[in-house]
Amino acid sequence: MPTIFKVSYVVQGGNHPGAIVNEDKKPEVGQRVTMGSNEFEVVEVVDLMPARGDFSFLHVTVKAIRN
């Protein structure tokens with residue numbers, strides 16, 4: 001199993017630029033993530049390609065959490 005997940009976070013609605021982040025655990029649907037001062041909920045996780053060595057590349061769609 002990869003030890004590093006290269007994650008491209010894309011925010012639904014385009015109200016936030018998203019981010020590309022190295023994570024040590026694979027994000028899961030329903031999980032909450034913080035980018036800057038904003039909190040989001042993961043709604044989709046897609047493997048972009050098979051793992052390469054210690055790296056796995058993921059596309060993760062998130063939505064803003066309304067407080």
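Which strand gives the most to the lining of the largest pocket? I kept that one for the end and started with the ground rules.

**Ground rules.** I'm working with a predicted model, where local features need pLDDT of at least 70, side-chain atom pairs count only at pLDDT 80 or more, and totals for chains, interfaces and linings use all residues. Residues are numbered from 1 along each chain as its sequence is written, and side-chain values use heavy atoms, with hydrogens and water left out.

I looked up the strand order and got 2-1-5-4-3, five strands in an open sheet with mixed pairing. Strand 2 (19-23) and strand 3 are the edges; each has a single partner strand, so one side of each has no neighbour in the sheet. On average, neighbouring strands here are turned by 40 degrees against each other, direction ignored. For that angle, axes are lines fitted to C-alpha atoms (for helices, over the stretch in contact), and angles run from 0 to 180 degrees between N-to-C directions.

Two strands pair if DSSP finds at least two bridges between them.

**Strands 1 and 2.** I found five bridges between strand 1 (residues 4-11) and strand 2, in the antiparallel sense. Val-7 has Val-21 in strand 2 as its bridge partner.

**Strands 3 and 4.** Strand 3 (residues 32-35) runs antiparallel to strand 4 (residues 38-52), and four bridges join them. I checked Val-33 and found it opposite Phe-40 in strand 4. Their hairpin has two residues between the strands, and Gly-36 takes a positive phi near 65 degrees there.

**Strands 4 and 5.** I got nine bridges between strand 4 and strand 5 (residues 55-64), antiparallel again. Asp-47 sits opposite Leu-58 in strand 5. This hairpin also has two residues between its strands, with Gly-53 at a positive phi near 60 degrees.

**The pocket.** A pocket is an open set of points on a 1 Å grid over the protein atoms alone, where a 1.4 Å probe fits, with protein on both sides within 12 Å along at least five of seven lines; lining residues have an atom within 4 Å of a point. The largest pocket holds about 250 Å³ of space. I listed 13 lining residues, and Val-11, Phe-40, Ala-64, Ile-65 and Arg-66 lie nearest the centre. The lining splits into four nonpolar, six polar and three charged residues. Strand 4 and strand 5 each supply at least two of the lining residues. Back to my opening question: strand 4 gives the most, with three residues.

How values were computed: Points joined across faces, edges and corners; volume = space filled by probe spheres on them. Nonpolar A, V, L, I, M, F, W, Y, C, P; charged D, E, K, R; others polar.
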